[in-house]
Amino acid sequence: MKEAVEDQYDFLSRYDDRSAHTQIEHSLPITVGLTFRYGINQRWGVTSGLTYSLLQSKLRSESFNYFYDDRQTLHYMGIPLNIDYKLWQNSNFTTYISAGGLVEKNIAGKLLSDYYIDNNLQSSTNEKISTKQLQWSINSAIGIEYRISDYIGLYAEPGVAYYFKNNSELETI
């Protein structure tokens, strides 16, 4: 029997006169990518490419002595478009600031659920999950790049991002 996570939470909230409590813990997203930069002039550039993001979450919904432990894993591919400004540069390193946007598509997902009664495992399910909605975001970052050659560099970009609501039923950070 396949149960969607919504069915689990609905069952828990109706089974006991006490309302179900849901606790959600999102891990930090992991994103890697391959990007290309086009220099407009000495300081300004436009960057685009392809990214892969991994999102993992733990969800626990419980009511009285019944609970579900869920582990959700989502995989996304994305296309960023950023504009950047070089702050400082020498022969090997460049520091810069950037801002732009990202559109991502969910390419795969998995939900592992364990159902417990009185702390005894009753059943486990493994379900593929996905969403068709695109995930749009805007971002800003400060970065440092180490140039391996004239055309290849490694970089790190700590930054912030705002993700727009996309009306997906999947719970993400």
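A salt bridge here is a side-chain nitrogen of Lys or Arg within 4 Å of a carboxyl oxygen of Asp or Glu. With that rule, a search of the whole structure turns up 4 salt bridges. Before we go through some of them, note that this is a predicted model: local features need pLDDT of at least 70, side-chain atom pairs count only at pLDDT 80 or more, and totals for chains, interfaces and linings use all residues. Residues are numbered from 1 along each chain as its sequence is written, and side-chain values use heavy atoms, with hydrogens and water left out.

Let's get the layout first. The protein chain has 1 helix and 9 strands, where helices (H or I, at least four residues) and strands (E, at least two) are DSSP runs numbered from the N terminus. Walk along from the N terminus and the order is α-β-β-β-β-β-β-β-β-β. Take contact to be heavy atoms within 4.5 Å; among contacts in the protein chain between residues at least 6 apart in sequence, 64% join residues at least 24 apart. Of the 173 residues, 31% count as buried, meaning under 20% relative accessible area, with exposed over 50% and partly exposed in between (1.4 Å probe, protein chains only).

Now back to the charged pairs. Side chains of opposite charge can pair when their charged atoms come close. Asp 84 does this with Arg 37, the closest N and O atoms being 2.9 Å apart.

Elsewhere, Arg 60, Glu 62 and Asp 69 are linked in a network of salt bridges. Arg 60 meets Glu 62 at 3.6 Å, N to O, and Asp 69 pairs with Arg 60 with the closest N and O atoms 3.4 Å apart. Arg 60 is partly exposed, with a relative accessible area of 26%, and Glu 62 is partly exposed at 26% too.

On to the nonpolar side of things. In soluble globular proteins, nonpolar side chains tend to be buried together. The largest nonpolar core here has 6 residues: Leu 55, Leu 74, Tyr 76, Leu 111, Ile 129 and Leu 170. A core of this kind is a set of buried Ala, Val, Leu, Ile, Met, Phe, Trp, Tyr and Cys residues joined through side-chain atoms within 4.5 Å. Leaving aside neighbours within four places in sequence, Leu 55 is in contact with Pro 29, Gln 72, Thr 73, Leu 74, Tyr 76 and Thr 172.

What about rings? The whole structure holds 5 aromatic pairs, counted when ring centres of Phe, Tyr and Trp (its six-membered ring) lie within 6.5 Å; planes under 30 degrees apart are stacked, over 60 edge-to-face and the rest tilted. Phe 67 and Tyr 116 are stacked because their centres are 4.7 Å apart and their planes at 15°. Phe 67 lies in strand β4 and Tyr 116 in strand β5, so this pair ties together parts 49 residues apart in sequence. Both of these residues are buried. Phe 93 and Tyr 146 make a tilted pair, 5.2 Å centre to centre with 55° between the planes. Here the link runs from strand β5 (Phe 93) to strand β7 (Tyr 146), 53 residues apart. Phe 93 is partly exposed at 34% relative accessibility, and Tyr 146 is partly exposed at 36%.

The protein chain exposes about 11500 Å², with carbon and sulfur atoms supplying 57% of it (Shrake-Rupley method, 1.4 Å probe; for residues, only the protein chains shown count as cover). Phe 93 and Tyr 146 belong to a nonpolar surface patch with about 1200 Å² of accessible area together, whose members include Leu 87, Trp 88 and Ile 97. Patches are made of residues with over 30% relative accessible area and no salt bridge, like charges being joined within 9 Å and nonpolar side chains (Val, Leu, Ile, Met, Phe, Trp, Tyr) within 5 Å. β7 gives the most to the nonpolar patch, with 3 residues.
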